[in-house]
Each structure stands twice: as structure tokens, then as C-alpha cells.
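Open the structure in your viewer and keep the selection panel at hand. The stops below go through one chain and then the other.

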Amino acid sequence: MAAALPAPRWLPTVAAALLWACCGSAVTDGIQDQAEQFFRSGHTNNWAVLVCTSRFWFNYRHVANTLSVYRSVKRLGIPDSHIVLMLADDMACNPRNPKPATVFSHKNMELNVYGDDVEVDYRSYEVTVENFLRVLTGRIPPSTPRSKRLLSDDRSNILIYMTGHGGNGFLKFQDSEEITNVELADAFEQMWQKRRYNELLFIIDTCQGASMYERFYSPNIMALASSQVGEDSLSHQPDLGIGVHLMDRYTFYVLEFLEEIHPASQTNMNDLFQVCPRSLCVSTPGHRTDLFQRDPQNVLITDFFGSVRKVEITTQTIPLDPNLVGLETRAPNDEMAAEPLKYAEQLPVAQIIHQKPKQKDWHPPGGFILGLWALIIMVFFKTYGIKHMKYIF
Amino acid sequence: MAGVVAVVLGLLLLLGSPGGSTGPPRDSLREELLLSPLPSGDLAATFQFRARWDSELHREGVSHYRLFPKALGQLISKFLVRELHLSLTQGFWRTRTWGQPYLQAPAGAELWVWFQDSVTDVDKAWKELSNILSGTFCASLNFIDSTNTVTPTASFKPLGLANVTDHHLLRYAVLPREVVCTENLTPWKKLLPCGSKAGLAVLLKAERLFHTSYHSQAVHIRPICRDASCLSVSWELRQTLTVVFDAFSIGQGKRDWSLFKMFSRTVTEACPLASESKIYVDISSKTQENELLEVTPLPLSVHEASVQGDRRTYAVYDLLSPSLFNVSRSLNVQLKWKRPQDSLDLSTPVLHAQRYVSGYGLQTGEISTLIYNTHPYRAFPVILLETVPWYLRLYVHTLVITTKGKENKPSYIHYQPAQDRRRPHLLEMLIQLPANSVTKITIQFERALLKWTEYTPDPNHGFYVSPSVLSALVPSVIAMKPEDAEQSPLFTSLFPSSDGSSYFVRLYTEPLLVNLPTPDFSMPYNVICLTCTVVAVCYGSFYNLLTRTFHVEEPSSGGLAKRLANIIRKVRGVPPL
């Protein structure tokens, strides 16, 4: 039997070194994973607030802009309950629309962005600066229905899209009021302080749109605009059948870009920044990322335009019993009336004629009027003398 | 051990459930489509979906909803609603050319609600209910407030079972400016048990339904008798949708109609959850000759009913009968006219009305309503309900009602004057209409000046006056026997019939569009510029005139050296050069 060779002195160290190498690679893999996790957004739900602020038929293109973003956002997975859609006027059922219940974005009526299952939350006169700010900040009267609220939390990614007519530092709402960039920045700061968003993407398609994001100061906001200060955003193409311009250039090319995106695509924000070069858009689109913590290279388009779905995978089988009917327990017996109930008479003429109106007003009693007149007459005769009496009686 | 437990549990389940099975189902769904050709050549299609639930909704702990939608059931139990009627309409039903409607609705949004008598604050419940409904139906019903809500005292009696009719539990509001579009149809379709996937609801495509002269969708909730003895209450939800297809824009001038031409879809199956699913086509002819309408495919049965005082014949297609889809998998009902166009008679309906605004200028005006009774020998009363907004100040002393040249005094008048910015005018009158007559009701008003913040963003469009409501019991030509509500088609049981000699009809007039004196909103900038310029020029000139003084000045002579020398001489005190 060969003598057991004593383990060489260097074996433990080599073993240790090998082990360390393996663990080390595992550890570095773990660190890399953690590092990548850092670049992924930590949001759990997505919301969208889409606002069109223009009224009147010739502003058809602003409604088409908003509806095309709505359509993309719905297609990529955000449900209607998480979208607050505000349209300041009704174009689809406008009497001047030659094709009712449709809003087109491409000429020759190729794409109907209005669709068949649209749900507009704020319509016509409800789109005001006050309502918009209330939706953002959450300071809403208590009886507002759920579909009109932005119920976001601190893990929500919110997309805010605004379009209409604007100028240097303001956006016009319905031709009667304006919202300034300072108000908007303050509203976003309120949202940040109340932890109403995780990350926010703000897109604006108006003339001089870049002025609207100049004043933002809250963290985690990325902003895109269709034109710089001093430039006008131009509209794309008119349709001769409908008679108005159908879309704005910037949103038209954004829509074409979004049509290529599907819920699992890995396209990032840098592609969205390049979506409309000067040759196509005539104006210079701008963007602002200094308030945003992550690198736009690592931000996916679907982080804002798509929706996170929480999926649980289970391997346990649950049997469904086809014979399980009648979950209602025996319902308690409903009250039976003692005598048969009847329907009300629709026009009981006799009852109506003899209906006495409620005497809610207080009439002073007749004696009061008489006493008042007696007082007046007494004062008159005391002042002017009794000789007038015989002319009265 | 486990097996024994399972058997015991099974036995308990069997014993627990009534009768070993579920018993008769407690809710049911009926769907129906009625196609009626109108005298003017257009075609009216009325969809009705009725869900009926044999349960008491006001009881606590109702949580299992099957066919009755949960959104509406929760509303009823939370706000203690007894009846709810909401309609959203685009267009106007032209009674004179189209005939009497089955259920007319005013243009815009109309909401009227009867509350239970246990409600303490009706106004608060009404406000909250309209807010919640605005979210449910994507309509701006949150604009309903005290400035457009009224409490009628004689119209709008409950359509369902009622034992107390105290009118302070009733609220009525109309929003004539409301637009109806696909976003209102979408939640309406979602309330149907089968959605828009099966049954008659597959025909409801927005692009065709809004390309019509008249589109009205409504939701009616009311309590009804559960059976003939009427000792217990069931809840009924009716969803109705009426559209009128124009002969010229859809029909291309021809009067042949088919389901595919109207809806661009055909029916392939009935809703599996429906107990009854039928299509009725009105094939009654006014004259006694053979039908003037040919219907393909041939109907399996024909139903005769007395509707609105007239005996009418309907072709019936029962989607639940297996023989209907034998020939082809889809059903496309086609209607062809056998006789040429001009041989149709246009009979005027017994009761129709018209309303218009007259006057000139932006200060005063007059509202006139014309009510026509074309019955040859019967007179009947009608209740007229007018709601006028507060900014049109009505002068009730100018109210004049004339019939055939003579004054007609109403048997009942209820007038509630408006309060500025708080309450609208309410005028309710019960007027007797003599046979074959025209009654004209006129009242003058004055337009108020609104505060500049109260104008809408488009004030030059005008301001709407809501349609007035006419409720009447119209005498019928033939005697109508009261039919059982369960066996008869849905369109005959909209209003509870009291006796067979007259039928109840509710008509609406046109809404009015009135211009108020509107300031020119572009003027402030111009005014500021002009005023500032005028003030600067005038005031500046006056100031100069008043304060400018003149003094003589020596002409300066000599150059720089002389001036310097003068300065030095001045310092020395010596007279200058």
C-alpha cells in the first residue's frame, strides 16, 4: 500500500484560491445583477394623463394628437382605469364631421384613432386649469368618481401628455384661461412631496413647448417638447374630405415610432429623443433629463407607455367543479305585501287639480295691514288737523 | 376518514341547497330589437335589453350579482333610489313626420330620480348620485346642480310600483348641451350581461349608430310586480337604444333596408344568458290591402298587438328557436317595399307640439309653444312642464294661452319663480286640448347680463333652454286590452297601462338656443392700449399747459474762452463781459 502522500503545503491555498475565484465570479455576477437592478425602474403601476386643451372644429388636430397617444398607451397595456383622458371638445360627433364617431390621424382616413371603446373622463367644459391641477395633485371633491381620479402612489410611473395652443411660458386652455410653467412646476412639486409618482414623463406638443418645462425643479422628471422657445410647432397634413389638419408633426412621428413598439420591446428613450429631426418637424424638438436620476439609455419606452403586470406563476392545480352551481344560499324570504301593490297613475287629473300648493310664504295677517293704515291716517290728521276728516267721510 | 368527511360534506351541501338544485333562477334577461319603418321612408330601430331580478336590493348584504350589473345595483342600495331614468340623446324626434315615438327622450342628457321616503337629505343624495353617474357613463352629469334641477309637482309620476307619491322625493334635470358619442356607448354596452359579444348587441357598432338622424340611449330602473298577484317586488333594468336611419344618407335614396346595410353586421346567435331574444319587424299596413312590405327571410310567426291606440302586426324572428339558423349561419333581415314611394299615406299623430323663440334684439324675447290635437272628436288634458334657466327672466303676467282664438284657462298652474344663480323657473300647467285644435302658449322674457366669469368658453354659440315636457293620456282609436307584461313584447310594456281606452305618451319639444348679451372678450387688451394712449396724450398736454412757465434767455455769444472768463469774473464779483 502506497503511503498516503502528505497533502502538499500549497494545496489549501490553491483550493482556497480556486474557491475564492468561483465565489468571486459568483459575487461579481451578483454585484452586476444588483447594479443592473439599479438601472431598472422600480415602478409597480403605470398611469397616463392625456390632455387636449383646445376647443373648436379647426383644432381637430389636437384631439387627434391626444387620441393617438391614448391609442398607443392602451395598446401597450395601460387599462382605461389608469388613464385620465381630457378632451376639451368633441370632434367625433361634431355636426361638422363628415364621418361621425371617427377621428382620423392619417389622411385618406386610414387610421381611426377614436376606436370603438374609448372612455373620455373629462369632456368639453370640464377641461379647465383647476380640474387639471386637481387631478394631478389629488385634491378632488369627495364625490368625484374613480374614473376621474389619478390614484397613483409612490411606485407609479406617470405619463403626462399635453397638447394645444401655447406660448412662451404658458398653455392656453379652451381659449379662455392659461396655465403657466410656474404653476405646472409647482403642481409637480406637490406631487413629489405627496409621493404621488415614482418617475414622470412629460410630453408637450405646442408652440414654444420647451418653455413649459424650463421651471421644473422636482426630481425624477423627464420632459420632451416639440419645439424650442421662439419656434412654432407645425401641423402635418390636411385631409380634403374633412377639411382640417389632422395631426401635428411631432405627434405624428411619435405615433409612427410608437406603432413599432410592442409590450416586450427594449427600445429606450434615446430613440424617442431622435424621433423627429428638423427636416421632418421643421421645429427643433427638445428634451430635459437633468432632473432624472437614471440614464435615458437605460429607460425603456414601455416604462412609461406600457404597463407593469404583476404575474404570479404557480404549479399547484386547482380543480374546478362543473357541478358547483347555486352559490346563493337560500335567500331569506322577501317581504310579501299584505295586499297587492299597484302602479301609480300616470296622469291623475282630479288629484292634480285638487292638489293644493304648499303655502310656504308667510303672509302677514289682514289685521296688520288695517292697523298700519289706521296709524298712517291718524298721524296724517294729527299733523294737518282734523278739518280734512269731513272730506274723507 | 377523509372519504367519510367528504361524503358528509356532500350530504350537507345537498341538504343545504334548496330542493337539491338551485331552484328557479332569480334573474332573467330578455333582449329585443324592433324595426319600424317610418312614414317618411326612414327606419327606426329600437333595442331593448331587460334584466329582471327577483330580489330586494335595499336589503343589506346583497353581494352576488349575476345579470343585474353591480355598478347600478350598488347605486340603488347606497342612495336608496326607487326609480332612476337616465337618457342621453343626440338629435330630435320629429313627431309630425315620424309618428308617435315609443319612448322619446329630450336632446342632451336627462336624469330623473324618485328616492325612497327614508332618504333624509334628497338634495345631497341627488348631487352625489349625479356625480357617480357622470363617471359611470362618461358624461358631464356633474354639471347637474341646483341651477338646473327642478321638482315637478304633477309630471313624472313613478313608472314602477309606488305607494307614496310625495313629489319632494322627485328630482328632474336636463342638460341640453350634452354631447353623446362613443364614450357614452362604451359603458352602456358594458352593463349588458353578454357585452357586445353575443346576441343582439353585436349590431351596436358606434360608427353606424352615430351616423343617424336620432340616437337615444337610456337606462331605466324601476320596481315591478313579480307576478300576477303582485305581492312582492322585483327590480327591472331596461336599457333602450333607439336610432333612426335616414333614407337618403344611409339608404342612398332607396327605401330597402337590411340589417347589414344599417349596422354593417348580421346576427349569428342569441345571447346565451338571455331567456328570450327576438327581432320584431313592423309590417302593419294602414290600408286594408295586402302588405306593402316584404320581409326576407320569411318570419316563423306573426304577432299582433295593440300599441299606442292602433292595431299593428309584427313579423317575429326568435333567435332562440333552432330552425332560424338552419339555412344560413347568420340572420340578415331584409325589408323591401312592394309599392312605389308616393302611395304612402302620412297620418299625423294625435298629439304633437312645437316650440320656438321670437323677438328681436338682445333684451327681450318671447317663447311660444304650439300644441296640436288632431283627434277629430275627443278632447284630452295635457300637462306642460317648462324649465327655463334663471338668466331668462320670465314675466308670468304675460302668459297667454289661446285655443281657436279664445282664451284657455288651465285647470292647474304651478309656477316657481327663479332665484338668480340658484334655481331655474318652473312652470307646470294642466291644459285641456279641445278636439281638432291648436293651442298656443306664449310667455315673454327678458335676458339678464351674466358676470364675465360665468360665460362658457364659447359664449357666442348661445345658451340652451331645456325642452319642455308634455305628458298626456291620449284616447285611442281601438280598445286595448291590458296584456300580461311577461308574455308581450317589451316595447308594449314601457308605460303601465291603466285602462284600455287611452294610452300614456310623453313628448318633448325642441330645445331653444338663445343669445345672451355677450361682451367682446378680446376687448380688454384693446381697451387698455387705447385708454393708456388717450390718457397719456391728453393728460400730458394738460399738465404741460398748466405748469409750464416761460422765461427769457440771453442768447449766448462768444466761444469757450469768453465763457471761462465770465465764470472767473462772476467769482470775483465783477460784472461779466
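What follows is a list of selections with a short note on each; the model is a predicted one.

**Chain A as a whole**

Switch to a surface next. Chain A exposes about 22,000 Å², and 58% of that area comes from carbon and sulfur atoms. Of its 393 residues, 45% count as buried. If contacts between residues at least 6 apart in the sequence of chain A are considered, 72% of them join residues at least 24 apart.

**A three-stranded sheet in chain A**

Go to β5, β6 and β7 of chain A. These form an open sheet of three strands in the order β5-β6-β7, with antiparallel pairing. Which strands stand at the edges? They are β5 (165-167) and β7 (177-180) of chain A, each of which pairs on one side only. On average, neighbouring strands of this sheet are turned by 30 degrees against each other, direction ignored.

To see one bridge, pick F173(A): its partner in β7(A) is E177(A). As background, strands of a sheet pair through backbone hydrogen bonds, either parallel or antiparallel.

**A residue and a helix in chain A**

Select A101(A), in the loop between β2 (83-87) and β3 (122-123) of chain A. Its phi is positive, about 60 degrees, although A101(A) is not a glycine. Is this residue buried or exposed? A101(A) counts as buried because its relative accessibility is 0%, and the cut-off for buried is under 20%.

Move on to residues 366-384 of chain A, helix α10. With 19 residues, α10(A) reaches 28 Å from its first C-alpha to its last, close to the 27 Å expected at 1.5 Å a residue.

**A five-stranded sheet in chain B**

Switch to chain B and show β15, β16, β18, β19 and β22. They make an open sheet of five strands with antiparallel pairing, in the order β15-β16-β22-β18-β19. At the edges stand β15 (351-358) and β19 (406-407) of chain B; each has a single partner strand, so one side of each is left without a neighbour in the sheet.

Select β15(B) with β16 (residues 364-373) of chain B. The two run antiparallel and are joined by eight bridges. One place to look is S358(B), whose bridge partner in β16(B) is E366(B).

**Two loops in chain B**

Select N436(B), in the loop between β21 (425-433) and β22 (437-447) of chain B. N436(B) has a positive phi of about 55 degrees although it is not a glycine. N436(B) is exposed, because its relative accessible area is 51% and exposed means over 50%.

For the last stop, show the backbone of T296(B) and P297(B). What is the geometry of the peptide bond from T296(B) to P297(B)? The bond is cis, with omega near -10 degrees. P297(B) lies in the loop between β11 (293-296) and β12 (301-307) of chain B.

How values were computed. Residues are numbered from 1 along each chain as its sequence is written. Chains are lettered from A and ligands numbered from 1 in the order in which they are written. This is a predicted model: local features need pLDDT of at least 70, side-chain atom pairs count only at pLDDT 80 or more; totals for chains, interfaces and linings use all residues. Side-chain values use heavy atoms; hydrogens and water are left out. Helices (H or I, at least four residues) and strands (E, at least two) are DSSP runs, numbered from the N terminus. Buried means under 20% relative accessible area, exposed over 50%, partly exposed in between (1.4 Å probe, protein chains only). The expected span of a helix is 1.5 Å times one less than its number of residues. Two strands pair if DSSP finds at least two bridges between them. Axes are lines fitted to C-alpha atoms, for helices over the stretch in contact, and angles run from 0 to 180 degrees between N-to-C directions. Contact means heavy atoms within 4.5 Å. Accessible areas come from the Shrake-Rupley method with a 1.4 Å probe; for residues, only the protein chains shown count as cover.
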